Amino acid sequence: MDFRHLRSATRNVYDVTNATEPLDLQNLPASILEAIFPGYAIISRFLLQVLGFDISNLVSIAIPAFAIVTASRYLWRWAGAFLAKAFMASVFVNEDDDLHETCMEWIAAQRMSQRAKSVKAVTQRSNSWEEANLDEDVVNMAMGPGGLFNFGKWAANVPPRYEPYYGMHYFRYNGRLFFFDRSRHSNATISGSNIRANEEELLEIKCLGRSTKPARQLLEHIKTWSLEKESAMTVIRRPALREMRRHGWAKASSRPSRPMSTVVLDSGQKDAIIADINEYLHPLAPRWYASRGIPYRRGYLFHGPPGTGKTSLSFALAGVFGLEIYVISLLEPTLTEADLNLLFNNLPRRCIVLLEDVDTAGLVRNKTEALLEEEAAPTHQKKSTTDENGNPLPNGVPDPSATEEAPNNASITAMTDLTRALRASSQRQRQSGPVLGFNDPLKQGISLSGLLNVIDGVASHEGRVLVMTSNFPEKLDPALVRPGRVDMKVEFGHAGREQARELFERMFDGADEYAVGGASRPGSPKSPTGGFPRGEGDHNEGMAVEAELAKEELRGLARRFSEQVPDKRFTPAEIQGFLLTRRKDPVKAVEEVEGWVNQLMPSKE
Ligand SMILES: Nc1ncnc2c1ncn2[C@@H]1O[C@H](COP(=O)(O)OP(=O)(O)OP(=O)(O)O)[C@@H](O)[C@H]1O
């Protein structure tokens with residue numbers, strides 16, 4: 001391409017702009033260049049006049065050179081993609097998958113991340129660094145004046161995690177070369193009439209060869225690595241935020257598993273639940289259930305006043321059985337039945353689903369639903385849930401007066417007419433808006449039938465442990481708690497003397513005690529007060545005797561404490577709250593408990 005004619009064109013450019021000379025082909029490129037690089041004509045004329053250098057010569061070289069570089073870049077990319085397709089196998093991991101975070105953690109721990117020239121700094125998730133930051137020096141450094149602990153200072157000592165930045169990286173694993181491509185993709189989602197554009201990250205793990213097996217093995221290794229790291233943790237998931245709900249669940253946190261011993265409950269009750277779940281989770285159990293035609297599901301209802309340990313026991317069970325816990329609150333206003341279906345469809349093979357406060361969601365079956373369900377059920381299953389006076393029977397207790405005989409013709413006709421009328425009324429209700437099954441017609445969300453559908457309908461996942469918690473079990477619809485949906489009911493009550501004693505001992509047990517400031521009250525037993533982790537001195541015989549004495553003293557204090565707490569009047573949470581504020585001083589707790597009880601008793605009465 002010869003751009004020498006640009007000289008004359010640039011000479012004419014002012015004429016062109018003044019429109020004194022018609023635009024011809026010769027001055028077109030200069031016009032174009034002028035349009036692309038404003039001022040091109042002036043610069044070119046200046047260079048020509050002052051330096052005698054014709055810039056059009058440079059342009060005639062630069063443009064083809066640019067075209068060649070662009071074309072070869074494109075070719076290189078195309079050839080790379082072609083070769084990768086032909087000779088490499090890939091596994092992709094989406095950002096919304098848990099594996100993504102796990103992979104990034106693993107990659108950050110590899111040498112490749114230390115070698116990479118550009119890295120992304122990521123603030124570490126709390127629980128991973130909280131564990132790592134217990135170093136006594138670091139903790140002491142965070143102590144401000146007056147022994148006040150400064151969290152900001154402590155957290156500032158935690159280095160971020162460094163991950164390779166976007167682009168292609170390579171690493172070796174088990175002597176094999178792997179490529180790891182981190183990229184972002186835009187993704188459009190449609191919700192109602194809105195189209196939302198999201199940016200999503202994608203990981204591609206490539207290996208040489210036509211099989212994805214090495215990459216899959218690598219992913220398995222990464223999962224095991226993460227599991228070993230988190231074995232003592234319980235992962236908690238909740239429904240993803242509304243705009244991300246199509247992904248189902250989001251990891252809310254993972255926290256150290258709660259030891260079962262920290263849940264103070266009748267030991268027989270605890271053992272019964274553990275044994276029941278243990279049997280249910282046995283690898284041979286699914287076959288046993290299938291051969292008998294029983295759905296492989298297990299449901300529990302934990303009921304009792306607030307603060308009696310229902311949630312705590314659910315978390316402890318998750319820890320004992322190494323299960324993740326999926327928590328749903330039916331009070332969540334944005335949760336719809338479609339969401340609930342999606343969430344249940346996205347449950348893993350084994351997990352605990354915790355449906356919290358099922359009574360407060362206002363889930364009641366209205367008369368229409370009850371009657372329609374009644375009519376749809378086979379005759380032999382129809383059992384009245386009310387007595388002859390119309391009063392509800394206790395959960396799961398069939399009306400003794402109900403007979404299994406087939407109804408006579410007259411009653412069938414009456415029932416069909418009634419059903420037709422009810423169906424029409426239900427249709428009208430649906431058209432006019434309110435959600436069936438809610439007490440409050442303004443409340444959108446989940447109806448009882450919707451909930452029952454996900455519990456035991458198509459969306460229901462076999463193998464999960466469903467735990468429903470309720471403060472008012474008597475408010476629950478019998479359909480929700482009938483056997484098959486709830487297989488075991490566990491009542492949680494106010495703390496008895498024995499529970500109060502256990503709570504006290506657990507609070508002051510010196511196994512891993514801590515105290516800011518560490519000052520112990522004169523006369524209080526050694527182990528339950530002050531000082532950073534002790535116990536190493538237990539190797540020393542003298543200290544062991546001292547520890548034993550302290551334990552004996554602690555038991556005595558616990559007895560005195562429990563004798564002053566009225567039986568079955570306070571919840572474990574209340575007692576725990578009282579003890580927490582005196583957790584450095586068990587003697588003080590014993591001395592002050594009477595006053596605390598006297599202060600609260602009138603409100604209890
Ligand atoms: N039986 C118990 N044993 C040990 N700690 C308990 C017990 N009950 C309650 N607590 C303590 O009280 C607090 C509240 O307990 P939790 O959330 O388990 O109660 P809940 O019965 O689920 O209450 P809600 O009905 O309000 O959800 C927790 O910190 C827990 O440690």
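Modeller: Let's begin with pairing: two strands count as paired if DSSP finds at least two bridges between them. Keep in mind that this model is predicted.

Biologist: Thanks! Which residue in β8 is the bridge partner of proline 239?

Modeller: Tryptophan 249 is the partner of proline 239. Strand β7, residues 233–239, runs antiparallel to β8, and seven bridges join the two.

Biologist: In what order do the strands of the open sheet lie?

Modeller: Seven strands make up this open sheet, in the order β8-β7-β10-β11-β12-β9-β13, with mixed pairing. On average, neighbouring strands are turned by 25 degrees against each other, ignoring direction.

Biologist: Which strands does helix α12 touch?

Modeller: Helix α12, residues 267–281, packs on the sheet and touches β9 (298–303), β12 (465–470) and β13. The directions of α12 and β13 make an angle of about 155 degrees.

Biologist: Glutamine 269 is in that helix. Why is glutamine 269 called partly exposed?

Modeller: Count the other C-beta atoms within 10 Å: 20 or more means buried, 12 or fewer means exposed, and partly exposed lies in between. Glutamine 269 has 13, so it is partly exposed.

Biologist: And β12, how many of its residues are buried?

Modeller: Six of its six residues are buried. Val465, Val467 and Thr469 cover one side, while Leu466, Met468 and Ser470 are on the other.

Biologist: Which residues stand opposite valine 467 of β12?

Modeller: Tyrosine 300 is one of them, and leucine 354 is another. β9 pairs with β12 in the parallel sense over six bridges, and β11 (residues 352–356) pairs with β12 in the parallel sense over four.

How values were computed. Residues numbered from 1 in each chain as written. Predicted model: local features only at pLDDT ≥ 70, side-chain atom pairs only at ≥ 80, totals over all residues. Axes fitted to C-alpha atoms, helices over the stretch in contact; angles between N-to-C directions. Contact = placed C-beta atoms within 7 Å.
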